[in-house]
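This report is meant to be read beside the sequence and the structure shown below.

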Amino acid sequence: MIRLFLVDAAADLLVRELLPGDVIDPAGFPTDNFAILAQVYAGVGERSVVFFVDGEAVKTENIVPYAIFGDASGNFAGGAVFPEGLHTISTTAYIGRNGAGPAIAGVSIDVVVRGVVDPTGTITPPSAGGD
């Protein structure tokens, strides 16, 4: 099982769990510097997690914590995650590093982003050197 969380990347604090149909409105938070954290449960033995936004792979993480913009020893890199509108966020955990081997867990949720979000981070395609 995988759960997704919205993170205040400036303070490195969990804001809330993301659930299907959630609305993310930066005006309702003290920051607009966000990350998304994937927490994998049930001891599935994952070695990597791949993040997808609207069906496109955007980040591969090989080391916990698994975050959409990455991190440096738990210091989350952040940015606005998406432009306004409806988006599908998906993550898949894999048995191998860099999204290799069998997929062993996954989650996909739709969220709505409201308000003007000025990106400070960049979503890039997954690379073999993901952390």
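Leaving aside neighbours within four places in sequence, Ile-89 is in contact with Leu-4, Leu-18, Ile-36, Phe-52, Phe-82, Val-107, Ser-108, Ile-109 and Val-111, where contact means heavy atoms within 4.5 Å. The model is predicted, so that local features need pLDDT of at least 70 and side-chain atom pairs count only at pLDDT 80 or more, while totals for chains, interfaces and linings use all residues. Residues are numbered from 1 along each chain as its sequence is written, and side-chain values use heavy atoms, with hydrogens and water left out.

Ile-89 also belongs to the largest nonpolar core, which has 31 residues and in which Leu-4, Leu-18, Ile-36, Phe-51 and Ile-89 touch the most other members. Such a core is a set of buried Ala, Val, Leu, Ile, Met, Phe, Trp, Tyr and Cys residues joined through side-chain atoms within 4.5 Å. Two or more residues come from each of β1, β4 (34–40), β5 (48–53), β7 (66–67), β10 and β11, and β4 gives the most, with 6 residues. Strands here are DSSP runs (E, at least two residues), numbered from the N terminus.

An open sheet of 5 strands with mixed pairing runs in the order β3-β11-β10-β5-β6. Its edges are β3 (23–24) and β6 (56–61), each with a single partner strand, so one side of each is left without a neighbour in the sheet. Two strands are taken to pair if DSSP finds at least two bridges between them. Strand β10 (residues 85–94) and strand β11 (residues 103–113) pair in the antiparallel sense over 10 bridges, and Thr-92 has Gly-106 in β11 as its bridge partner.

The structure also holds 3 salt bridges, each defined as a side-chain nitrogen of Lys or Arg within 4 Å of a carboxyl oxygen of Asp or Glu.

| Salt bridge | Closest N and O atoms |
|---|---|
| Arg-16 and Asp-22 | 3.6 Å |
| Lys-59 and Glu-61 | 3.7 Å |

The pair of Glu-17 in strand β2 (residues 13–17) and Arg-3 in strand β1 (residues 2–8) links distant parts of the chain, 14 residues apart. Buried means under 20% relative accessible area, exposed over 50% and partly exposed in between (1.4 Å probe, protein chains only). On this scale Glu-17 is partly exposed at 25%, and Arg-3 is partly exposed at 28%. Lys-59 and Glu-61 are both buried.

Note on methods. Helices (H or I, at least four residues) and strands (E, at least two) are DSSP runs, numbered from the N terminus.
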